Amino acid sequence: MKTKYIFSLLAALLLLSGCTPKEPPGSIFYSKVKSVNKLVLAQMTVSKMASVDDLKFEDAQGLRQQLAALGDALKIGDRKAAYSYDTYLRAYIDLSSLRPVDITADDKKKILNIVLPQIQTEFIGRDIAIREDHYRVTGLRSAINADERARLKEEINTALVKEVTESPELKEKITARARAQAQRFFGAIAARQGYGVNISYR
């Protein structure tokens with residue numbers, strides 16, 4: 001899995017270039033940051049691999065599968081393939097729900113205290129096709145067809161969605177990276193006004 005930050009800090013800093021220095025730092029920060037609306041902080045690519053192999057006789061269910069497994073066992077040659085598939089997850093903050101009371105300035109310590117909405121995650125798409133990582137069909141074995149690849153793709157996608165939905169480790173990983181990016185993002189904007197930043201979440 002890999003991560004990719006897809007929001008430019010420079011663009012956010014430019015939002016503050018037109019602020020007048022007489023405005024309270026908290027008001028400046030609130031009005032400019034809220035206009036960002038949806039702040040995407042981190043993206044993760046989640047990969048899953050599956051293979052096409054002959055059904056073993058002991059794993060077959062019902063007479064039809066048993067006959068198919070027995071027929072495959074008698075055929076000459078090998079028939080194995082491995083495919084992988086990616087789906088994409090991102091973490092973001094909905095800044096449209098930011099409230100004026102969520103930002104306070106400690107002028108003596110030069111610190112902006114910010115209470116942010118919780119980081120949220122969402123799927124943002126998946127690959128159109130699966131990748132063929134290994135393919136070996138020899139002897140009298142039949143080629144792996146489009147229907148088999150399509151079924152495998154759906155199986156992998158279902159497994160991916162289940163893994164991401166039910167795995168706290170994946171969510172914690174991308175959320176931690178998003179929090180670190182939020183610290184850099186808001187810290188850079190606060191520094192523009194000569195302030196440090198203290199971030200917490202609702």
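Predicted model: local features only at pLDDT ≥ 70, side-chain atom pairs only at ≥ 80, totals over all residues.
Colleague: Which residues of the largest nonpolar core touch the most other members?

Modeller: That core has 41 residues, and Phe29, Ile93, Leu95, Leu116 and Phe186 are those that touch the most other members. Two or more residues come from each of helix H2 (25-34), strand S2 (38-52), strand S3 (79-94), S5, helix H4 (146-166), H5 and S8, and H5 gives the most, with eight residues.

Colleague: What makes this a nonpolar core?

Modeller: The name applies because its members are buried residues of the nonpolar kinds, joined through side-chain atoms within 4.5 Å.

Colleague: Why are S4 and S8 said to stand at the edges of their sheet?

Modeller: The sheet is open, with three strands in the order S4-S5-S8 and mixed pairing. Strand S4 (103-106) and strand S8 (196-201) each have a single partner strand, so one side of each is left without a neighbour in the sheet. Neighbouring strands here are turned by 20° against each other on average, direction ignored.

Colleague: How do you know that S5 and S8 pair?

Modeller: Pairing asks for at least two bridges, and six bridges join strand S5 (residues 111-116) to S8, the two running parallel; therefore they count as paired. Within these strands, Asn113 stands opposite Asn198 in S8.

Colleague: Which helix packs on this sheet?

Modeller: Helix H5 (residues 168-192) does, touching S5 and S8, and its direction makes about 140° with that of S8.

Definitions and conventions
Residues numbered from 1 in each chain as written. Heavy atoms only, no water. Helix = DSSP H or I, 4+ residues; strand = E, 2+ residues; numbered from the N terminus. Axes fitted to C-alpha atoms, helices over the stretch in contact; angles between N-to-C directions. Contact = heavy atoms within 4.5 Å. Buried < 20%, exposed > 50% of the residue type's maximum accessible area, 1.4 Å probe, protein only.
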